[in-house]
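Dear colleague,

Here is the structure I promised to hand over, with my notes on it below. Please read them with the sequence and the coordinates open beside you.

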Amino acid sequence: MNNGNENHPLRQQTGFAFMTDPANRIQKNRPFSRIFMVLLTLIIVICYPLNLLLAKAKSNKQCVYQFEPHDLTPRDGVTFSLTVTKQWTDQSLHPATPAGAQYDGILTLDETLDFRNWTVTIAFNEAPIIDSSWNGQFVINGNNLTFTPDDDTAMTFGAVMYSRQLLTPTGYSITGYHRVNPYTTPLHYFSVGLFILWVILITTQVLTYFRTRSLLKRQAVSEEIINQAMQTFASFIDAKDSYTRGHSQRVSAYSVEIAFRMGLDSESISHIYYTSMLHDCGKIGISDAVLKKSAGLNDEEYALIREHTTIGAKMLRNFTAVPGIQDGAHYHHERYDGKGYPEGLRGEQIPLFARIICIADAFDAMSSNRCYRGCMEMEVIITELQKNAGRQFDPSIIGYMIEMIRDGFVDAVQKQYPFSFTEIRESSH
């Protein structure tokens, strides 16, 4: 069983909560949105430095491209070509290597590439001799000539070289580094997209927060109006009999507490509050002469009294905003053993709200003064409740009412909604 002193979203500041908490209802999905926002933020925070690290790692990775003289297909957007623009024979100056020529090399890159710190190695059929060169440094190692540019942006270079016969390239090797701009990578665009989504969601949440706060203020006012209207209407009902003033409020407090201790959800507890508050509304249609009669009722008068259940059901038949509110008025005098009225329902055929209200209503009747008798002692009431478990009352619910009597909850309710004619109650003890 739930402890009656636990905090609950339906508890009022006085200790008994009858109104639902609109903020809890509207914001019940906020944990999911908060978790989503936290995850989205973490992804953005991770993606940004990760993109920088990956771009730096790719920029520091050396790339080597091999080309054959007959196959100069671009490799990752890199293309190289070497042409002979001039050639001659000079035996007077270079008798051992008379074949002279001007060799021009061109490194071609796609527009999107940033290829840096590159070198070109050209393998020839024999070892060349350099006469002159431009745009970089040339190093000869056997048959291989390696060129390193003075400036990465200079994509052309050349040299005048001599050999025994015109040089024939046998292969090209290009080594360098692709500098990756971290602000043009797919991961960067993905991060930017996530950031834009984050800004949109944050903006939406801020706007929703202020709109919701305004809505909740209006809703709180509306619910307070409804609550006060219910309380006022209940007072009209109880005013039919001065001995039962506060009866509807006490029955409602007991019913709500029983529902809470049973573990019903907040929405159901809110519904049982309204249902129990109006359970006796049919008494408005009963004559005062019968309702306030101090002597015993005859059969005809008793039949009239019993009609308050069906009158109440008819009064509430168009009140569809609260599910089950009509059943509370209609069936709260049904008995668990099937001997109640108006339809003689048995056991769980009786709606749950009506079974709860039946116990709360009977307890308040026994603990208050009536025009035909004084109130009963609490221990006597407990005995009556236990004796009628399974007969008048649902045996699975009766324990909650007894628990409320013994832990002081009932005393607190009776202080908040005191009985009328307390002098009669005091004299009856």
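Predicted model: local features only at pLDDT ≥ 70, side-chain atom pairs only at ≥ 80, totals over all residues.

Trp 118 is buried, as is Phe 147. The rings of Phe 147 and Phe 157 have their centres 3.9 Å apart and their planes at 15°, so this pair is stacked. Since Phe 157 lies in strand S8 (residues 156–163) and Phe 147 in S7, the pair ties together parts that are ten residues apart in sequence. Trp 118, Phe 147 and Phe 157 also belong to one aromatic cluster, together with Phe 80, Phe 138 and Tyr 172.

Turning to the helices, H5 (residues 266–277) has twelve residues and spans 17 Å from its first C-alpha to its last, which is close to the expected 16 Å. Ten of those twelve residues are buried, so H5 is largely enclosed by the rest of the structure; among the buried ones are His 271, Tyr 273, Tyr 274 and Met 277. At the N-terminal end, H5 is capped by Asp 265, which has a side-chain oxygen 3.1 Å from the backbone nitrogen of Glu 267.

The largest nonpolar core has 45 residues, and those with the most contacts inside it are Tyr 254, Leu 385 and Met 401. Helices that each supply at least two residues of this core include H3 (186–238), H4 (247–261), H5 and H10 (352–367), and the largest share, nine residues, comes from H10. Beyond its neighbours within four places in sequence, Met 401 is in contact with Tyr 254, Ile 258, Ile 359, Ala 360, Phe 363, Leu 385 and Val 410. There is also a second, separate core of 24 residues, which includes Leu 82, Phe 147, Met 155 and Leu 167.

One further ring deserves a mention: Arg 261 lies over the face of Phe 409, at 5.7 Å from the ring centre.

With best wishes

Key:
Residues numbered from 1 in each chain as written. Heavy atoms only, no water. Buried < 20%, exposed > 50% of the residue type's maximum accessible area, 1.4 Å probe, protein only. Phe/Tyr/Trp six-rings, centres within 6.5 Å; stacked < 30°, edge-to-face > 60°. Helix = DSSP H or I, 4+ residues; strand = E, 2+ residues; numbered from the N terminus. Lys NZ or Arg CZ within 6 Å of the ring centre and 35° of its normal. Expected span 1.5 Å × (residues − 1). Polar contact = N/O pair within 3.5 Å; in protein donor to acceptor, adjacent residues only side chain to side chain. Core = buried A, V, L, I, M, F, W, Y, C linked by side-chain atoms within 4.5 Å. Contact = heavy atoms within 4.5 Å.
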